[in-house]
Amino acid sequence: MGWMTLGSQQPPRTDYEQFLRRDDAVKAGGVAQVEDVEYPICSKDIQNVDLPIIPAETVKLRDGKKGSKLWIVIDEIVYDCSDFTRVHPGGDNVIQSFGGQNCSWQFWRIHSRKHLVESGTALRVGKTKGIGNRFKEPKKYIGLRTLDNDGW
Ligand code: HEM
């Protein structure tokens with residue numbers, strides 16, 4: 001699981017809560033005035049279903065390299081992590097390694113719905129389709145033995 005080790009060397013972030021409280025993202029009309037004029041960060045009031053549709057080709061270009069925005073995809077929702085990556089409690093490497101890509105199952109292995117709602121809602125720029133995950137999801141095991149044949 002190569003992706004698991006990508007962010008493990010990062011120190012814990014202390015400015016994370018402060019980042020989340022920032023209110024520079026939401027302006028009247030529901031859409032923020034931020035650098036990416038084409039796909040600005042959306043207001044928290046907008047439901048996922050109402051987010052603008054962003055073509056997969058456009059998402060893939062925002063890989064955080066060569067000065068581009070750093071977007072990631074979780075369950076077909078696109079998150080702009082360009083600034084958030086600097087305060088992410090799990091470090092910046094993990095998010096950077098998924099720039100322009102789908103990292104849904106990796107995200108759900110580590111986070112809860114609460115994390116996504118509380119921290120991710122303010123990072124949404126749109127929704128997309130057709131971006132696959134470059135890693136195959138490993139099987140999840142709950143137990144290795146059956147209850148009636150435990151060898152005691
Ligand atoms: C929208 C994108 C993301 C948001 C909003 C987010 C949010 C968070 C939050 C709130 C925590 C702290 C959890 C806690 O203290 O209980 C966290 C930790 C972490 N995140 Fe993320 N995250 C995002 C993307 C990712 C991605 C793509 C990865 C890698 C696949 C990742 C890996 C981690 C790791 C390794 C931790 C540390 C877990 C620990 O110390 O137990 N995150 N993230």
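**The sheet, up close**

A: Of the 152 residues in the protein chain, 39% count as buried (buried is under 20% relative accessible area, exposed is over 50%, and partly exposed is in between, using a 1.4 Å probe and protein chains only). Keep in mind that this is a predicted model, where local features need pLDDT of at least 70 and side-chain atom pairs count only at pLDDT 80 or more, while totals for chains, interfaces and linings use all residues. Residues are numbered from 1 along each chain as its sequence is written, and side-chain values use heavy atoms, with hydrogens and water left out.

The chain has five helices and four strands (DSSP runs numbered from the N terminus: H or I over at least four residues for helices, E over at least two for strands). Going along the sequence, they come as α-α-β-β-α-β-α-α-β. UniProt, in an unreviewed entry, lists residues 51–129 as "domain: Cytochrome b5 heme-binding"; positions follow the numbering used here, the feature name is shortened, and such annotations may be inferred rather than shown by experiment. That span is 32% helix and 18% strand, and its end C-alpha atoms sit 13 Å apart.

Now the sheet. Its four strands form an open sheet in the order β3-β1-β2-β4, with mixed pairing (two strands pair if DSSP finds at least two bridges between them). β3 (101–102) and β4 are at the edges with a single partner strand each, so one side of each has no neighbour in the sheet.

Let's zoom in on β2. Strand β1 (residues 71–74) runs antiparallel to β2, and four bridges join the two. Across that pairing, W71 has D80 in β2 as its bridge partner, and V73 faces V78. Towards β4 (residues 124–127), β2 again pairs in the antiparallel sense, this time over three bridges. V78 turns up here too, standing opposite G126 in β4. As for the side chains of β2 (residues 77–80), I77 and Y79 point one way, V78 and D80 point the other way, and all of them are buried.

D75, in the loop between β1 and β2, has a positive phi of about 50° despite not being a glycine. E76 lies in the loop between β1 and β2 as well, and its phi is also positive, at about 70°, again without being a glycine. D75 is partly exposed at 40% relative accessibility, and E76 is partly exposed at 37%.

What do the strands pack into? The largest nonpolar core has 17 residues, and I72, I74, Y79, C81, F84 and I95 are the ones that touch the most other members (a core is a set of buried Ala, Val, Leu, Ile, Met, Phe, Trp, Tyr and Cys residues joined through side-chain atoms within 4.5 Å). β1, β2 and α3 are the elements that give two or more residues to this core. There's also a second, separate core of ten residues, with Y39, I41, V73 and V125 among them. From V125 to W105 is 20 residues in sequence and 20 Å in space, C-alpha to C-alpha.

H88 and H111 are the protein donors of the ligand's iron atom, each through NE2, and lie 2.0 Å from it (donors are N, O and S atoms within 2.8 Å of the metal, or 3.2 Å for Na, K and Ca; water is not among the atoms, so sites may look incomplete). H88 is in the loop between β2 and α3 (93–96) and H111 in the loop between α4 (104–110) and α5 (113–120), so the pair ties together parts 23 residues apart in sequence. H88 is buried at 10% relative accessibility, while H111 is partly exposed at 24%. The six donor atoms around the iron subtend angles of 85 to 180°, which makes the arrangement octahedral (six donors qualify if opposite ones are over 155 degrees apart and all others between 65 and 115). For reference, ideal angles for six octahedral donors are 90 or 180 degrees.

Key
Four donors count as tetrahedral if all angles lie between 85 and 135 degrees; four count as square planar and six as octahedral if opposite donors are over 155 degrees apart and all others between 65 and 115; anything else is irregular.
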